[in-house]
Amino acid sequence: MVSDRQNPNKPQILKKALTYTSLLLIGTGVGTSASYFASRNLAEMTTPPAQALPADSETTLAGIPITEDPNFVTKVVREVGPAVVRINASKTVTTQIPEAFNDPFFRRFFGSQIPNVPQERVERGTGSGFIINTDGNILTNAHVVDGADTVEVVLKDGRTFAGKVVGSDRVTDVAVVKIEAEDLPTVSLGDSDRLQPGEWAIAIGNPLGLDNTVTTGIISATGRSSSQVGVPDKRVEFIQTDAAINPGNSGGPLLNARGEVIGMNTAIIGGAQGLGFAIGINTAQDIAEQLIATGTVEHPYLGIEMVDLTPEVKERINNSPNAGFRVDSDDEGVLIARVVGNSPAAQAGLRAGDIIVKIDGEKVTGGEDIQKAVSKANVGGNLELEVQRNRDLVTIVVKPGTLPTQR
């Protein structure tokens, strides 16, 4: 895991380089033939008759379900909508008056303009969530309930319950809220690891205070990194969708055409249109299970700051008299820019300037490869790193620790 702490004395050349990819749009043309009527009889003679589909067929054509009800979105919303909830969270924020304002000097000049008591205000926010089991556990975003003093859960049928935050994980932005209730509707969970771009996506939530809003689109991409989405402090991959997601949708479900939850809506990019992001349900479910069981989540941690070895970074390193080392144009991997003191990486002997070329036998092409490998590792387990150090290849075994909570 890359440490979030920054060193103000670190050379400019070692700042993290981000590489953005572009999408190639391929257009296809549709032609018509002037000989349509002349060829029609021949086509009828050579083409076998179409087979009728049974009424309950689940066959798909170009990803579109062919069912009795052609408006499959309506069916999904009817079945899943009751399990989608609105979450109202509030917290009291206290602003302490600086001690210096109690000094007689300030009092002489400002007098009654200086308040004598701490100033308090109540912050309120609204998000979404969905009920995952009949025990009353609700999945939502950590930022929806972060620091909340009170949590209110409102069901689609109008019932209102006091919610208790079972656990919250800021690193993945996943939280679990529990309510005590009976006859609760629940969602069905899908498999986010099998998603492919182009599949249907249906979002349900409470954007801008408008309850039970439904939007549709497709899965635009999968495997978006936290850096690409603009939340580098998170450790999770995102599903990208063009189903409209707005403030208040956070924590609501992203569904496939069968009505299964494939993701939890969580992020939007300011100023962007047609771009929304969701946490894959496989990841969210894994985090939720840990939160329900223990109330906390342990994230593996190495304690290094890294930078991808792009041509620009190589050039800056080699042109800097303060770098202390050089890299060749054909060097590949990820450069360790800094090792956090007393971290698992430091204890294992990793050094600034090492180039990670493999991790657990897999070739490393970018920092995301290391993030994925570390995230899948066990705290206290072994991670084998092959690093290039002074033109030599060195194998170093690191035992990931637990990601510090105060970071």
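## Basis of the values

Because the model is predicted, local features need pLDDT of at least 70 and side-chain atom pairs count only at pLDDT 80 or more, whereas totals for chains, interfaces and linings use all residues. Residues are numbered from 1 along each chain as its sequence is written, and side-chain values use heavy atoms, with hydrogens and water left out.

## Aromatic pairs

The structure holds two aromatic pairs (rings of Phe, Tyr and Trp, the last by its six-membered ring, with centres within 6.5 Å; planes under 30 degrees apart are stacked, over 60 edge-to-face, the rest tilted). Phe72 and Trp200 pair edge-to-face, at 5.2 Å centre to centre and 65° between the planes. This pair links helix α2 (residues 72-80) to strand β10 (residues 200-205), its members being 128 residues apart; helices (H or I, at least four residues) and strands (E, at least two) are DSSP runs numbered from the N terminus. Phe72 is buried at 10% relative accessibility, while Trp200 is partly exposed at 28% (buried is under 20% relative accessible area, exposed over 50%, partly exposed in between, with a 1.4 Å probe and protein chains only).

Phe238 and Phe277 are also edge-to-face, with 6.5 Å centre to centre and 80° between the planes. Phe238 is buried at 4%, and Phe277 is buried at 4%.

## Helix α6

In helix α6 (residues 281-294), Ile281, Ala284, Ile287, Ala288 and Leu291 are buried, and they lie on the same side because they cover an arc of only 130° around the axis, taken from the directions from the helix axis to the C-beta atoms. Ala293 and Thr294, on the other side of α6, are exposed. Just after α6, Gly295 takes a positive phi of about 85°.
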